[in-house]
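This briefing covers side-chain contacts in one protein model. Please look over the sequence and the structure before reading the points below.

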Amino acid sequence: MSSSELIDLIQRIDSAYRHWTGGGLPGPQTTATDQHFLWLHQQAPYSLLAHEGDVEPVFIYANHCAQQCFGYSFDEFITLPSRLSASPVDRAERQQLLDKTARQGIALGYRGLRVDKFGNAFTIYDCAVWQIPGGGQGALFWPQPKRRPGWFNQRGNMNNAKR
């Protein structure tokens, strides 16, 4: 995927998030839009993912933090069915979250278990999942509970979500 295609995809994910929350994806203030999207991809301290809207959705995006959490490279991620992000015993709960998102447009505050490439379980915190126009869903989760950078604030981010 070229860098311009990557930026376009992240911009689409951000635009959908902005639609549901009233604010863009959290990050430090930057003047250049492309720099912000590259920061989201390379340096964001939270995982940002997206999958397509098919019956058996496959990931179409995963930032560096998500790649670290799950242990997949970007190229591996974008061929992975998103259901495999949860263990077989946690897939029903994950599907309930996705169904809720499909009905409401966005789901906030989810905490649950996911599984990495090697079958190791880990917890995701303060997860938001939202619909992306044209199909698919985006997701943002923090790999640590309540550990947030100084620039992060809830105002303009998840607390303003349309319900």
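Two rings of Phe, Tyr or Trp, with the six-membered ring used for Trp, count as a pair if their centres lie within 6.5 Å. The model described here is predicted. The structure holds nine aromatic pairs and three salt bridges.

**Aromatic pairs**

- A pair of aromatic rings is described by the distance of the centres and the angle of the planes.
- The ring centres of Y61 and F74 are 6.2 Å apart and the ring planes stand at 65°, so this pair is edge-to-face, the term for planes over 60 degrees apart.
- Y61 belongs to strand 2 (residues 59-62) and F74 to helix 4 (residues 74-77), so the pair links distant parts of the chain, 13 residues apart.
- Y61 and F74 are both buried.
- Y72 and F77 also form an edge-to-face pair, because their planes are at 65°, with 5.5 Å between the ring centres.
- Y72 is buried at a relative accessible area of 14%, and F77 is buried at 0%.
- One aromatic cluster is formed by F59, F70, Y72, F77, F122 and F141.

- Side chains of opposite charge can pair when their charged atoms come close.
- D14 and R18 meet through their side chains in a salt bridge, with 3.4 Å from N to O.
- These two residues are four apart in helix 1 (residues 3-21), which means that about one helical turn separates D14 and R18.
- D14 is buried, with a relative accessible area of 5%, whereas R18 is partly exposed at 44%.

**Salt bridges between other parts of the chain**

- A salt bridge joins E56 and R83, whose closest N and O atoms are 2.7 Å apart.
- E56 sits in the loop between strand 1 (47-51) and strand 2, and R83 in the loop between helix 4 and helix 5 (91-104), so the pair ties together parts 27 residues apart in sequence.
- E56 is partly exposed at 37% relative accessibility, and R83 is partly exposed with a relative accessible area of 34%.
- E76 and K117 form a salt bridge in which the closest N and O atoms are 2.8 Å apart.
- Because E76 lies in helix 4 and K117 in the loop between strand 3 (106-115) and strand 4 (121-131), this pair ties together parts 41 residues apart in sequence.
- E76 is partly exposed, with a relative accessible area of 30%, and K117 is partly exposed at 35%.

Technical notes. Residues numbered from 1 in each chain as written. Predicted model: local features only at pLDDT ≥ 70, side-chain atom pairs only at ≥ 80, totals over all residues. Heavy atoms only, no water. Phe/Tyr/Trp six-rings, centres within 6.5 Å; stacked < 30°, edge-to-face > 60°. Buried < 20%, exposed > 50% of the residue type's maximum accessible area, 1.4 Å probe, protein only. Salt bridge = Lys/Arg side-chain N within 4 Å of Asp/Glu carboxyl O.
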